[in-house]
Amino acid sequence: MTPDRSVDRFPVSTDRSVGQGWGFIGRGFIGRMASDVPGSREKILDVAEALFARRGYSGIGMREVALAAGLGKSSLFHHFRGKTQLYCEVLSRVLERIREPLDGVLESSDDPARKLDRCVDALVDSLAEHPPTARLLLRSLFEEDDLEPE
């Protein structure tokens with residue numbers, strides 16, 4: 001006879017749109033807690049960043065982003081008007097991620113040569129932490145004319 005384990009189930013995340021499921025207490029699998037699970041918008045941006053870095057703006061479509069994020073296309077359009085807005089927000093997020101560590105360096109009272117050295121170190125560290133970033137930024141320099149007006 002199998003004991004009833006329905007009381008051992010609890011929702012791991014309130015955001016079901018990114019495919020998070022149930023955990024089981026006492027079975028070794030709990031999954032990620034709600035605070036660890038990115039929201040749909042962040043999940044879309046993560047997936048889109050990787051796809052844009054790999055194949056560029058012209059190389060992917062919104063359907064592919066939706067599939068890779070585990071969402072329906074309508075959910076994608078709930079967050080972004082179109083591919084151009086998505087691409088611009090991905091680039092903005094990447095640039096913000098690079099800028100944050102540079103702010104402290106630039107505000108320091110170090111001499112200019114030391115600031116430059118520390119800025120280069122911070123940039124290299126940022127690019128090393130997120131390998132697709134360099135490719136994405138280089139692609140964006142050459143694909144600016146491909147953006148579609150929305």
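Trainee: What percentage of the contacts in the protein chain with a separation of 6 or more is accounted for by residues 24 or more positions apart?

Mentor: First, this is a predicted model, where local features need pLDDT of at least 70 and side-chain atom pairs count only at pLDDT 80 or more, while totals for chains, interfaces and linings use all residues. Residues are numbered from 1 along each chain as its sequence is written, and side-chain values use heavy atoms, leaving out hydrogens and water. A contact means heavy atoms within 4.5 Å. Among contacts with a separation of 6 or more, the share from residues 24 or more positions apart is 54%.

Trainee: In what order do the elements of the protein chain run?

Mentor: Helices are DSSP runs of H or I with at least four residues and strands are runs of E with at least two, numbered from the N terminus. By that count there are 6 helices and 2 strands. From the N terminus on, the order is β-β-α-α-α-α-α-α.

Trainee: How far apart are the end C-alpha atoms of helix α1?

Mentor: The expected span of a helix is 1.5 Å times one less than its number of residues. For the 16 residues of α1 (residues 40-55) that gives 22 Å. The model agrees, with its end C-alpha atoms apart by 22 Å.

Trainee: Which helices do the buried residues of α1 pack against?

Mentor: Buried means under 20% relative accessible area, exposed over 50% and partly exposed in between, with a 1.4 Å probe and protein chains only. In α1 the buried residues include Ile 44, Leu 45, Ala 48 and Phe 52. Their packing partners are α2 (62-69), α3 (73-79), α4 (83-107) and α6 (132-142).

Trainee: Is the aromatic pair of Phe 52 and Tyr 57 stacked or edge-to-face?

Mentor: Rings of Phe, Tyr and Trp (its six-membered ring) pair if their centres lie within 6.5 Å; planes under 30 degrees apart count as stacked, over 60 as edge-to-face and the rest as tilted. The count comes to 3 aromatic pairs. Phe 52 and Tyr 57 lie 6.2 Å centre to centre with 15° between the planes, and the pair is stacked.

Trainee: Why is the pair of Phe 52 and Tyr 87 called edge-to-face?

Mentor: The ring centres of Phe 52 and Tyr 87 are 4.8 Å apart. The pair links distant parts of the chain, helix α1 and helix α4, with the two residues 35 residues apart. Both Phe 52 and Tyr 87 are buried. The pair is edge-to-face because its planes are at 80°.

Trainee: Which residue has its charged end over the ring of Tyr 57?

Mentor: A charge sits over a ring if NZ of Lys or CZ of Arg is within 6 Å of the ring centre and within 35 degrees of the ring normal. Tyr 57 is buried, at 1% relative accessible area. The charged end 4.3 Å from the centre of the Tyr 57 ring belongs to Lys 83.
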